[in-house]
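Please look over the structure shown here before reading the notes. They are arranged by topic.

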Amino acid sequence: MTKTEYDGPILEIDQLSISFFTRLREIPAVMDFSVAVQPGEAVGLVGESGCGKSTVALGVMQDLGKNGRIVGGSIKFKGRDLGQMSMEELRDIRGSEIAMIYQEPMASLNPAMKIGKQLMEVPMIHQGMDEKAAYDRALQVVTDVKLPDPKRMLDSYPHQLSGGQQQRIVIAMALMSEPALLILDEPTTALDVTVEAAVVELVKELGKKYGTSMLFISHNLGLVLETCDRLCVMYSGEAVETGSIADVFDKMQHPYTQALFRSIPLPGADKNTHPLKAIPGNFPLPHERPQGCNFGPRCDYFEAGRCDADAIQMEPIEGDDRHWSRCLKFREIDWDAPIDVIDQKAKAEIGDVVLKMDNLKKYYEVAANALFGGGNTKVVKANETLSFEARESETLAIVGESGCGKSTFAKVLMGLETATDGQIILDNRNIESTAIESRDTETVSDIQMVFQNPFDTLNPSMTVGRQIIRALEIFGVGASEAERKERMLKLLDLVKLPRAFADRMPRQLSGGQKQRVGIARAFAGDARIVVADEPVSALDVSVQAAVTDLLMEIQREHKTTLLFISHDLSIVRYLSDRVMVMYLGHVVELGSTEQVFAPPYHPYTEALLSAVPIADTSIEKQHIVLEGDIPSAMNPPPGCPFQTRCRWKSEVPGGLCEKEVPPVRQMEAGHQVKCHLADDILARMEPVIKVAAE
Amino acid sequence: MILTALCLTFIVFWLTNLYPNLEKLAKTQGNFRMSDEAVASWLETRGYLQSTPKKYAEWLGVVPSYRATDSEGDVIGRCIQPGIAAEDSPSYCGILQGYWGWSTVFKEPVADIVSLRLGLTGKLMFWVLLVMVPTALLVGILAGMREGSVTDRTLSTFAITTTATPEYVSGVILIAVFSSSAVGLKWFKGSATSAMETVTFENFTLPVITIALYGMGYVARMTRASMAEVMTAQYIRTARLKGVSFRNIVMKHALRNALIAPFTVIMLQFPWLLNGVVIVETLFNYKGFGWVLVQAAGNNDIELLLGVSVVSVIVVLVTQLISDIGYVYLNPRISVS
Amino acid sequence: MEPLTWTGSLDFLNPIFIALIFICAALVAAYMVASVFAPEAQTTVNPDGTLSVSPSLLTLVTSALKYGFLAIITVLLAYLIGGMFLGLNAGIIGAMSQQFVPVWISLVVLFVLSITYKRRLGLYGKLFDSTVGMIGFALVMFWVFTGLFGAFDMIVTHDALTQVSGMKNKVPGTPMRGADEGDFPYYLLGGDNLARDVFSRMVKGCLIVVLIAPLATLFAFMVGITLGLPAGYYGGRLDTILSFTANLILAFPVILLFYLLVTPEIRATGLPQYMASILFIFPLVFLTVLLNSRFYTQPGFRTPLLIAVLGMGGWIYLSLISEVGSKVHVIPGFADLFDLDGGILTVFVSVVFVNSPTVFRIVRGLTMDIKTRDYVAAAQTRGEGAWYIMLWEILPNARGPLIVDFCLRIGYATILLGTLGFFGLGLEPESPNWGNTINEGRKLLSIYLHPAIVPALSLLSLVLGLNLLADGLREESLKD
């Protein structure tokens, strides 16, 4: 098929409404949604989960499944209505003119088909290329997405590649026939931060090279800022604000956009002086949307009788370029009013050392060959010489990507595994080799954990109250059933959940509520040390702030030591007192938050900082893109663990990085870095994040 | 796997050599009105009263076989064939030496019976597989291709009905419908005895279909589930959004992935098929392997039963091995690691 | 007296019924052919928000099919309801329908109650959202009620073991020769080769199946769960040994196992009883561990509870395995609660034995999956005992697939029971259970159909019902 030339907008969505039909009712997923994508333009679609952004993408592809239907409006691609096309015409367009990239790269590649074949299929269908030409084309595109050894890549199966490589293949597949429009649905969510940064860089570059328009769907405002020209904020099935990046980020005209920005930790935020402002309430379920403005019940500017009367239309904002807002009151609201700081809190007093790790090591023995077992075993060094102290009321953040050993560390601390070497000292007692079964109740209840996945943290077949009471029983709290029940209700109060929730089943709770129950359970035995393993990373942005705040508040009251495991540097900077950066089982940098976030950095910290997208237009970032993927912990590189990806490696003479593990170097008070770089080079480093002078 | 085979044969050996079985053997071989002492001495002289592991080792052929002198002063033992002097016969005779024992019912060496009957059953199985596998896969794929359509529902109902119909039920119904002289259609023969010499459409259809039906429903349902799952996979959506036509999606993308699960199922069906074979051979009077099993078990023919058990255990284990290998071949994710 | 015809005065329905069946079959065939060639139906949305489906060949056929099936069901109901009132006048089917009146009433009551309260009944209630599940449930409950009422001699027309002279191999609907006043005047489904009433034998045989199959499956589940949970949870050597044993049993051809276990000679050695003593102890262990792990934090409550449960369970257990005058004779006869016939015990044990390895494998797999969940980790980090985690954190969340498999496995146990009967193993020959009856009936199959085909169809419908029920349950539990 020859591609038609067309110079209007590539994609024009006009008042689109999409519904899903179930046996019981019609569930509107997208309502009155309009957006236009000009040639070469990248448009971001931002919103929390369930807001309908992915449905829009599937609507464009005309692939809504059995239950989904377009119930109103039109989607025009290069001026032709996609809804009116026959199956054959659609098939012609899919893959050749519009291509899509999904969240899960592994799932979107056929596991039983070689990558080359999957790539070659596209031009063979659409351009009628022969096998030879298609192969050449595939080779060229794979080279374009910067994959090493393209020939070998084409000849391998998807499972032989790492996650980052798979995503590059998916991108290559989408670009095979140079589509006019590329839809990216959360393309980097499943990837590690440093890998994500590289993929985003690649997408931007290729978009320019091929002149492709993009529809970029993401929940991450920072990522959209980095990739897009314009964006559209969605809430509960509706677009609430659209406009250019600059307009929406700096001159927002909708209360939801404003609330969203106030609830994400930007560099200026601080847990004591500038706390985050969580959006109150919960995301409405699709069939429980309120009358009038969907955001009404959670909005600070809500005016009864006006905002909850009729459906609200998008209105343009005068003077801006295609900037629209769905708010009746946007002209009246004073958008520059300072945030009324709710309550500034005094910085908590840091107390005595509670927990001390000394040269902790955890090695696993793994059979080298799973099939034939026995014989030679391999040692995986999950944790290597971990030493640090944690004090009362202190928040220590542990930062690192997958495979850095943070989960293993948590397991050893909790007693689920015993340490190979070194010491863990809790109140002057060594607990490193006491497994959980042989710990006394007090020790067990002192160290508790909050888990990452809210959908997994509660037993689905037990009521919320029952689960908390069980923890109380185990910790020996309360003498009778009635006493424990009373204590359980108090715990629900503590995490700000209604007492009625005690009789609910976990599936009736939202993600944020489940996470609160998880926190209540952890504090059942008055835990003194709480390990929070990415407690908010699976939650929506607006809920994240509330849960984080809750944790901080309980910490303040109970003088808890919080070990906060995370890969998200923004939130770490916001709430932690000290930061520990880990890479492949090693602590590469440890210091107070200010020390770690300012130069001199460990090269890995530097790259990590640069990789985290920040949703603030006034921030200037140094672009540091790491080559390749994180090495496997099974097979770590010799010498410095980071040497395979380090951009400073050439500054160290004599190839020292490849030979020796660097020593731990004390910089200034309490700041330590594990690096071979000479002092003068470290001193030369520039800050990665700069706030542009205004 | 060899360990499994050894364990299994040992269990069979132990069960068949329990004292009541031996007592019955002695009585059928010797005299039905033997006294308990006579039974004991009869067994004693034939070495049946040794410890089970020792007997088992003898039967395997890893230790020399038991010999004794009977009341007439002749040396007797397992290895001593009639007409051959005791000195000339080998001292080891067991499975490893190729000596399978002597059937007391058929009065023939066990090895001969087993190989002959196994051939007959092999013929039956060949046709069963030839009918069952393609039909089952076809039904499963057609049903799983478009989940919820009328085709799917019809075929699924068919598959679920056949899984609910054990061989002895479907056999009875099929005979009633197709061969009964009272009301039936009289298309086929209700007995497959003549099929042992020459297979014809008339005498072999019913037994083959009877076995095939039961296994087919199960495989078809597996295939359908697997196909339906694959069809909702993300990579099928990717392919669809790449512009691949529906037929090519099914043929190129879905099929290989969807066949991984049913393949192992087909192979693991063999123990069940063996079950069906026994029933069908009894029902249709086809004197194959299953029929021998029934005869041996029913008549306390210890050595024959042992031989039959060994063969069936080996058949099952070999199919398991094949299924493992096939799985690796079909699923590229395994082959590399 | 005249022999009964099949439908009696409802004969006029027959041509309609046959025609309907043919039409539906033709439609299905037409659909399948058409679906390969014709395009999918196009649905469009009208401006007012309603959906309209453009009439195409396929949609036409689909709706025609729907009405066709409705019509068939109506006619079937007419046969049954007509029979209920007309009795013998409506032929054999009518008479049977009248005999089954208690079953119909129970079924209707059960369904009305269940559908009324279905929102409050959890997974069981959701079953009534699925047509397939409902059909399956109806079939299963039909046989359950038949078995129950049959046990009180309510449905049967004659004694299942009495032989009536002159009724040998008589076709269905034959009037009973020399019927006394008060005797049922017909052999509804004919007589078998020993001149016994086939209909009554079918009803009586039902009880054996609906009693043994679910119980044996339940025991198999207890064994499988008690072993599968630790194997999956701990892994390592324990898992290797248990899995090896399970595979060992699985690699055994079932039929061979039966022949080896169920022969009278083996029974004489007491082996089945020893096996029973091992297998039956699992439910006891299971219950004890279940309660202990849950309540050990409250010893005051736990100890009496455990004593009561162990005492009762232990007594039942000992009564089950112990038998006066057999190899296992542990408690004196007067304390023996019930006497199980040796044949039934052996059959029971072998069915449990054959089924438990598969259950073990399923439970093990599910455990390995669920133990990686965070709530299990949460339980570990608060120092819960391993058995608490297995039984209270893992097991309840594995219940969905287990319930589905339970239904399937009852069906499979039924088939196994039939197989045993078919080979004349286990139960005594005159027992009316379906397997035995089929075995007897098949010998004269080419001349007289009815003695074998009646139990064959009964077994088929029961197992089909169980399979459909399992399908419905699976579908509904996946929707969650």
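This is a predicted model: local features need pLDDT of at least 70, side-chain atom pairs count only at pLDDT 80 or more; totals for chains, interfaces and linings use all residues.

Residues are numbered from 1 along each chain as its sequence is written, chains are lettered from A and ligands numbered from 1 in the order in which they are written, and side-chain values use heavy atoms, with hydrogens and water left out.

**Chain A against chain C**

- The interface brings 30 residues of chain A into contact with 26 residues of chain C, where contact means heavy atoms within 4.5 Å.
- The size of an interface is often given as the accessible area lost when the parts come together.
- Between chain A and chain C the buried area is about 2400 Å², with 52% from carbon and sulfur atoms; buried area is the accessible area (1.4 Å probe) that two parts lose on being put together, summed over both.
- Phe451(A), Asp456(A) and Arg470(A) supply 24% of the area that chain A buries against chain C, more than any other three residues.
- The rule finds three salt bridges across the interface of chain A and chain C, a salt bridge being a side-chain nitrogen of Lys or Arg within 4 Å of a carboxyl oxygen of Asp or Glu.
- Asp456(A) and Arg373(C) meet through their side chains in a salt bridge (3.9 Å, N to O).
- There are also 12 residue pairs in polar contact across the interface of chain A and chain C (both at pLDDT 80 or more). A polar contact is a pair of N or O atoms within 3.5 Å; within protein, one must be able to donate a hydrogen and the other to accept it, and residues adjacent in sequence count only if both atoms are side-chain atoms.
- Strand E4 (68-77), strand E18 (447-450), H13 and helix H14 (481-494) of chain A each supply at least two residues of the side that touches chain C. Helices (H or I, at least four residues) and strands (E, at least two) are DSSP runs, numbered from the N terminus.
- H13(A) gives the most to that side of chain A, with five residues.

**Helix H12 of chain C**

- The 15 residues of helix H12 (residues 281-295) of chain C should span 21 Å at 1.5 Å a residue, and the end C-alpha atoms are 21 Å apart, which agrees. The expected span is 1.5 Å times one less than the number of residues.
- Buried residues in H12(C) include Phe282(C), Leu284(C), Phe286(C) and Arg294(C); buried means under 20% relative accessible area, exposed over 50%, partly exposed in between (1.4 Å probe, protein chains only).
- Helix H13 (464-474) of chain A is among the elements that cover the buried residues of H12(C), as is helix H7 (198-234) of chain C.

**Domains of chain B**

- Chain B is divided into domain 1 (2-97) and domain 2 (110-330), with bounds from an automatic or database domain assignment.
- The contact takes 14 residues from domain 1 of chain B and 10 residues from domain 2 of chain B.
- About 1100 Å² is buried between domain 1 of chain B and domain 2 of chain B, 73% of it from carbon and sulfur atoms.
- Between these domains of chain B the count is zero salt bridges.

**Ser592(A)**

- Ser592(A) lies in strand E22 (residues 586-592) of chain A and is buried, with a relative accessible area of 19%.
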